[in-house]
Amino acid sequence: MGNTLVDIKNLRVSFFTPAGEVKALNDVSIKMEEGEVLGIVGESGSGKSVTAYSLMGLIPYPGRIVGGTIDFNGHRINDMSEAEMRAIRGNEVSIIFQDPMTSLNPVYTIGNQIMEVILLHTDKNKEQAYERAVELLTLVGINEPAKRMKQYPHELSGGMRQRVMIAIALACEPKLLIADEPTTALDVTIQAQILELMMELKQKIGMSIIMITHDLGIVANMCQKIAVMYGGKVVECGTADEIFYNPRHEYTKGLLRSIPRLTDKEHRKLIPIEGTPVDMLNPPAGCPFAPRCNSCMKICLGRMPEYTDLSETHYSACWLLQKEEFERRGQGA
Amino acid sequence: MTKEKNPLSLQLDVSDFLPADSEEKQSLVVMRKSVSFWRDGMRRFKRNKIAMVSFAVIIIIMIFAFIGPVIYPYSYEQQIRGSENLAPMEYSEQELELMAQGQSVFPHFLGTDSLGRDIMIRLMMGSRVSLLVGIVASALVLLIGSLYGAIAGYFGGKVDLVMMRIVDIIYTVPDILIIILLMVTLKYPLENLANNVPGFSWINTIGVGLICIFIVFALLYWVGMARIVRSQILTLKEQEFVTAAKALGASHGRIIRKHLLTNCMGALIVTTTLQIPSSIFTESFLSFIGIGVAAPMPSLGSMASQAISGITSYPHRLLAPAIMISLIILSFNLIGDGLRDAFDPKLKD
Amino acid sequence: MAKYIIKRVLLAVVTLWLIATITFILMNMVPGGPFLAEKAPSEATLKALNEKYGLDKPLIVQYGNYMSRLLRGDMGPSIKQRGRTVNQIISNGFKVSARVGGISVLVAVLIGITLGSIAAMNRSKWIDNVIIVVSTCGIAVPSFVVSTVLMIVFSVKLKLLPTYGLSSPLHYIMPVMALSFYPTAYITRLMRSSMLEVLGQDYMRTARAKGLSQFKMLFKHALRNAILPVVTYLGPLLAYTLTGSFVVEKIFTIPGLGNDFISSITNRDYTLIMGTTIFLAALIVTMNLMVDIAYKLIDPRIKLK
């Protein structure tokens, strides 16, 4: 195991909206080692993007951190000033957003937007920055890079733009790349290309990646470690093998039942998870998944379960696991 | 397994681990009530304090302008001799004499002008003219504009092309200039019509000036509305929910009523409301430069214009219409903003 | 792009032709022709006058003459101001109006953009609220109210500023304030909402994720995008300034084109009304055309065909 790169402890983030406090993150703890690829999986509103944004100090208005700590690469992120954060952003940690169509400024050329970040974080002069930008465009697989440098975002396709976003993100060889649903807005064929590119670049540059997605297929291929989020909490966390072959949380099990597998027998029926996601404005007192859970117990409705360690890397928060342990220890006694 | 010996004990009870029934689960799911577009919009509008205050102000001004003159003892064209240039609440010598004789004389709240006309009643009539212009002109704009825009939007293709080219041209015409030109020239034919052709004498009761204003507003101001309605219809036609409705077998009538119109309504209401202050603005401008409503009918603009010569001695004569016009425009603007926020957040500019 | 420009120029030409024609028709609708309003000229004088101005010929011939003179830029003599041509009056007046109007436009754009940006960046703070309240009131006050209130305060009560003419820089203060009041308020509101929208865009998040400073984010990434709606408002702004100048020039007795126009209306100086209308319309149409083309040049998203 390498050095710890990211250590998020008991993080709480709330959005103070006119309608009330929305607890977007409720006691989230995630740890990740250098060189790892961590997948954060969950449905819309589960808090996966907010987790990533808080790591970069990018929580949008009116949200703010209300508790917990974030350590990244030796920095205590939540204690840092905006100026200190700026030195890290785009440099040690960078991010690729979901929608490449809107993530690039429409009124500046591609070249301008890549060079901007190079000039900001390195001592390179304009010519060197230009060369580096062309090099980056080549690296992310864009043909005719010199020509692209002069083009505007609207002149490129979605896949190309996402490649440009990756080039911007990688410009200063960051320690950590956060990919916030990088392929959701793209065609399936392009998706595969982009993911392949990211893995290839990971090998070349040697960075870590946090992959945020609702697509279990993506994390299965890419990630060593997976955190499953639901209702602002990490409900289960473990290695890819543990999550896929030994899911212990009812939500994770539900997720896995709802996706098709190549190994399936012809007529296996996909089972959707019934119900709707939690209303984060009025979150339930107990387990957020309880109202949709088929194995829901009375206790689930009123109290949040503690984490149960299942292996050195695998833990999950579910009363069923607590119950098992409870019974096992009860028998032992 | 006994609960007393439970090592994990956090006041846990075996019964806690019994399966929960669906009712218990449901009690956790807080569903927001779904409300209709109208009720939702009205609720939001009513919650908007600024808009509600503005609404109240407009109602008060309407009472002032339409009911005020009925109970007010002076008339707007009445020139009280000997009572010229009175300050607010001042009485002329004659009036003081009358009062000494025991007669009651109604006070001139805002004084009188250089012709001995009571300014309060003129302010009422001026506000009436402004409100009338604003509301009637906007109604005309709504009628013509939405009809034109809807036709262009529905038919599309060549019809749309020709109709919108016409709109483009009218749109590039500088409106105020044409309005001035029309007002200058329409006056004579209209007066002629009113005085010489039987059946048109009603023009005189409304006033040639007002008719002119309505005609030119109706001729020029509808293009903005037409553009908005057309673009709304065009985009709505293409939207997924319309396709979905079609796929579900909804009739054209139902699609138009249920999907196109309801979704247009917000924009229509907002644009019409915001058209009112803009028409009032233009009318006061025209009256100020001396080509709006014809004397002796007062308008807030013409009152302000007449007051300029005496600006040093009688600033209140100017301030009264000035404050009134600003208040009316401000209130309508705020109501319009409130409606836009409530019904059509997309329109927010 | 060339296609677009050609299309727009053609549209502008059609509009101008339409305005000229409408003007001609309307002027001919006035019963008795343009000389009737004068103190009852004798039959003989009227005939002579009509002959002089070609008004005895059939309408269609008159129209042809009028259009051909117009194309040569000749608007004929003023009926009421003896010995002066409409061209002279317009060119004299326009020099004055353009100065006052130009300064006002500049003031409105600069202050409006600044205030709007400040408000947007301090969303929901006190300064934002103050700017919103002031600008909302600002768009509810007609220019004649602003002018006259300024006059009461600064000239009548405080006796600080001169009331009429344009003989010193001090004379410009009130007319410019009066003329730029409404557009400043309007641009402030426009800029605020446009800036708020831009600040919420994904590319601003990208800019922040790059580690850019507030300053760079604002001046490089936000302003250039947020300013686009203001550019489209420049056309209407110009039209507003021109018509606003009618009132402001009248109140402050400025010998500009607006003043000429208003007096031409009250004097029924038909050739001057016609000439001024066509001149101002041409000005507005041309400026609108230029603004639209400039807009296409600034915003690279619009496809250059």
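A salt bridge here is a side-chain nitrogen of Lys or Arg within 4 Å of a carboxyl oxygen of Asp or Glu. A:Glu144 and A:Lys147 make one, with their closest N and O atoms 4.0 Å apart. This is a predicted model, so local features need pLDDT of at least 70 and side-chain atom pairs count only at pLDDT 80 or more, while totals for chains, interfaces and linings use all residues. Residues are numbered from 1 along each chain as its sequence is written, chains are lettered from A and ligands numbered from 1 in the order in which they are written, and side-chain values use heavy atoms, with hydrogens and water left out.

**Chain C on its own**

- Chain C has 12 helices and zero strands; helices (H or I, at least four residues) and strands (E, at least two) are DSSP runs, numbered from the N terminus.
- Its C-alpha atoms fill a box of roughly 85 × 60 × 30 Å along the principal axes.
- Buried residues make up 52% of its 305 residues, where buried means under 20% relative accessible area, exposed over 50%, and partly exposed in between (1.4 Å probe, protein chains only).
- Taking contact as heavy atoms within 4.5 Å, residues 24 or more positions apart account for 71% of the chain C contacts with a separation of 6 or more.
- C:Val231 sits in helix α10 of chain C, and it counts as buried because its relative accessibility is 12%.
- Leaving aside neighbours within four places in sequence, C:Val231 is in contact with C:Val291, C:Tyr295 and C:Ile298.
- C:Val231 and C:Ile187 are 44 residues apart in sequence, and their C-alpha atoms are 10.0 Å apart.

**Chain C against chain A**

- Here 20 residues of chain C are in contact with 30 residues of chain A.
- About 2,400 Å² is buried between chain C and chain A, with carbon and sulfur atoms giving 54% of it; buried area is the accessible area (1.4 Å probe) that two parts lose on being put together, summed over both.
- On the chain C side, C:Arg205, C:Arg208 and C:Lys210 lose the most area to chain A, together 28% of what that side buries.
- Three salt bridges are counted between chain C and chain A.
- C:Lys210 pairs with A:Glu116 in a salt bridge, with the closest N and O atoms 2.8 Å apart.
- In chain C, α8 (202-209) and α9 (214-226) each supply at least two residues of the side that touches chain A.
- That side divides into four nonpolar, seven polar and nine charged residues; Ala, Val, Leu, Ile, Met, Phe, Trp, Tyr, Cys and Pro count as nonpolar, Asp, Glu, Lys and Arg as charged, and the others, Gly among them, as polar.
- C:Arg208 also turns up in a network of salt bridges with A:Glu82 and A:Arg89.

**Chain C against chain B**

- This contact takes 45 residues from chain C and 41 residues from chain B.
- The area buried between chain C and chain B is about 3,900 Å², and carbon and sulfur atoms give 81% of it.
- One salt bridge is found across this interface: B:Asp337 with C:Arg189, the closest N and O atoms being 3.3 Å apart.
- The largest share of the side of chain C that touches chain B, 11 residues, comes from α1(C).
- That side of chain C divides into 33 nonpolar, seven polar and five charged residues.

**Nonpolar cores**

- A nonpolar core is a set of buried Ala, Val, Leu, Ile, Met, Phe, Trp, Tyr and Cys residues joined through side-chain atoms within 4.5 Å.
- The largest one has 173 residues, and those with the most contacts inside it are B:Ile180, B:Ile289, C:Tyr66 and C:Phe246.
- Beyond four places in sequence, the contacts of C:Phe246 include B:Ile176, B:Ile180, B:Ile289, C:Phe261 and C:Leu280.
- A second, separate core of 108 residues includes A:Val22, A:Val28, A:Leu58 and A:Ile77.

**Charge pairs in chain A**

- Over all chains, the whole structure has 19 salt bridges.
- A:Lys175 and A:Glu34 meet in a salt bridge at 3.8 Å, N to O, and this pair links distant parts of the chain, 141 residues apart.
- A:Lys175 is partly exposed at 35% relative accessible area, and A:Glu34 is partly exposed at 34%.
- A:Lys48 and A:Glu181 form a salt bridge at 3.3 Å, N to O, and both residues are buried.
- Back at the opening pair, A:Glu144 counts as partly exposed at 45% relative accessibility, and A:Lys147 is partly exposed at 41%.
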